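Dear colleague,

Please find the structure below, handed over for your records.

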Amino acid sequence: MKDTLCKALVCQDHIRLYMVRSTDLVQEARDRFDLYPCACAALGRVLSVGSLMGSMLKDEKEMLTISINGHGPIGSLIVDAYHDGSVRGFCSNPHVDTEFKESGKLDVGAVVGKEGTLTVTKDLSMQENFSGTVELVSGEIGEDFAYYFTKSEQTPTAVSVGVLVDPSGNVVSAGALILQVLPDATDADISICEHVLEGLKPMSTLMKEYDDSCLEQLAKDMFEDAHVLSVQEVSFSCPCSKERMERALSTLHEKDLKAMIEEDHGAKVTCNFCNERYEFTEQELQSILDKRHEKNV
């Protein structure tokens with residue numbers, strides 16, 4: 001099964017259900033940044049929830065940025081999410097030491113830390129961006145996002161997210177789920193959701209079990225009255241390009257560009273969000289300078 005995102009209404013359309021299978025996009029992040037296991041699990045969880053949050057945006061021109069810093073050894077985690085569910089992101093320390101819980105599972109909270117904040121900034125193509133910040137609850141990501149939705153967006157929300165990494169560091173399965181209570185939900189609807197959540201297997205386990213099936217089936221297996229609204233493919237996607245990097249270089253001071261030409265004999269520019277590297281020759285850098293001079297004439 002490809003990475004897909006499913007939106008549905010359940011409990012007589014009183015509860016919103018979002019689910020994503022994110023195994024491939026988390027694997028791509030792992031490969032691009034050579035993420036060690038805990039870094040892969042931590043960033044993978046944020047990418048997975050970010051994909052769901054991006055799909056909640058109403059317009060294709062909108063996007064949001066998630067920033068988490070719990071002052072743990074992994075440093076900051078930054079993820080951009082878009083209307084179509086595509087995401088990109090990175091963490092400060094991709095080679096953070098692996099920590100384990102007593103159960104033998106990766107200890108994401110230990111590397112993320114919880115003495116910090118989670119911030120979501122939404123670019124809604126308005127004069128000012130919307131930004132909401134909450135204190136971290138555990139650094140385990142799922143609980144922190146549930147607290148964010150409830151505290152910052154006043155929407156009672158349950159979040160389940162998981163990334164399963166094998167001994168070699170590859171991603172076996174990854175996914176996330178968000179349940180949001182709508183204003184007309186009854187106590188009975190909430191009880192049903194609580195019952196489903198109590199019996200819910202870890203998301204990484206569910207994504208592995210349903211790997212040959214589809215999220216629509218999973219939604220219907222969880223809730224008999226699931227009304228699937230849409231299913232779409234999602235991916236790790238970065239809009240960077242050599243042209244964009246050229247525009248960034250053109251904003252540098254002239255002396256810096258000359259130093260790249262005369263001393264470095266070229267330049268290598270790496271995108272923070274996807275680790276893609278772009279190389280510029282002396283001639284290309286000189287062309288950037290020449291275009292600047294032409295504009296100033």
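I begin with one residue. Arg 32 is partly exposed, with a relative accessible area of 28%; here buried means under 20% relative accessible area, exposed over 50%, and partly exposed in between, computed with a 1.4 Å probe on protein chains only. This arginine, Arg 32, belongs to helix H1 (residues 23-33). Helices (H or I, at least four residues) and strands (E, at least two) are DSSP runs, numbered from the N terminus. Between Arg 32 and Pro 94 there are 62 residues of separation in sequence, and their C-alpha atoms lie 10 Å apart in space.

Some conventions apply throughout. The model is predicted, so local features need pLDDT of at least 70 and side-chain atom pairs count only at pLDDT 80 or more, whereas totals for chains, interfaces and linings use all residues. Residues are numbered from 1 along each chain as its sequence is written, and side-chain values use heavy atoms, with hydrogens and water left out.

Overall fold

The protein chain contains 10 helices and 12 strands. Its radius of gyration is 21 Å, close to the 19 Å that the globule rule gives for 297 residues, so the chain is as compact as a globular protein of that length. For this comparison, the radius is taken over C-alpha atoms, and the rule is 2.2 Å times the number of residues to the power 0.38. Along the principal axes, the C-alpha atoms fill a box of roughly 70 × 45 × 40 Å. Of the 297 residues, 50% are buried.

Strand pairing around S6

Strand S6 (residues 117-123) pairs with strand S3 (residues 63-69) in the antiparallel sense over 7 bridges; two strands count as paired if DSSP finds at least two bridges between them. S6 also runs antiparallel to strand S7 (residues 130-135), to which 6 bridges join it. Thr 119 in S6 is the bridge partner of Ser 67, and Thr 119 also stands opposite Thr 133 in S7. Leu 118 has Val 134 in S7 as its bridge partner. The hairpin of S6 and S7 has 6 residues between the strands, and within this hairpin Ser 125 takes a positive phi near 60°.

Cysteines

A search of the whole structure finds 0 disulfides, a disulfide being a pair of cysteine sulfur atoms within 2.5 Å. Cys 271 is in no disulfide, the nearest cysteine sulfur being that of Cys 238, 3.7 Å away. Cys 271 is buried, with a relative accessible area of 7%. For Cys 6, the closest cysteine sulfur is in Cys 214 at 8.1 Å, which is too far for a bond. Cys 6 is likewise buried, at a relative accessible area of 1%.

Pockets and cavity

Grid points are joined across faces, edges and corners, and a volume is the space filled by probe spheres set on the points.

The largest pocket holds about 670 Å³ of space. It is lined by 28 residues, of which Arg 45, Lys 105, Gly 162, Val 163 and Ser 204 are the closest to its centre. Helix H2 (37-55), helix H4 (142-152), strand S8 (157-165) and helix H6 (203-209) each give two or more residues to this lining, and S8 gives the most, with 7 residues. By class, the lining has 12 nonpolar, 7 polar and 9 charged residues. Ala, Val, Leu, Ile, Met, Phe, Trp, Tyr, Cys and Pro count as nonpolar, Asp, Glu, Lys and Arg as charged, and the others, Gly among them, as polar.

The second largest pocket holds about 270 Å³. Its lining includes Arg 16, Tyr 18, Met 56, Leu 57, Lys 122 and Glu 153, and by class it has 4 nonpolar, 2 polar and 5 charged residues.

The structure holds 1 cavity of 30 Å³ or more. About 40 Å³ of space lies in the largest cavity, which is lined by Met 53, Met 56, Leu 57, Leu 64, Lys 122, Phe 149 and Glu 153. This lining divides into 5 nonpolar, no polar and 2 charged residues.

With kind regards

How values were computed:
On a 1 Å grid over the protein atoms alone, a cavity is a set of points where a 1.4 Å probe fits but cannot get out, and a pocket is an open set with protein on both sides within 12 Å along at least five of seven lines; lining residues have an atom within 4 Å of a point.
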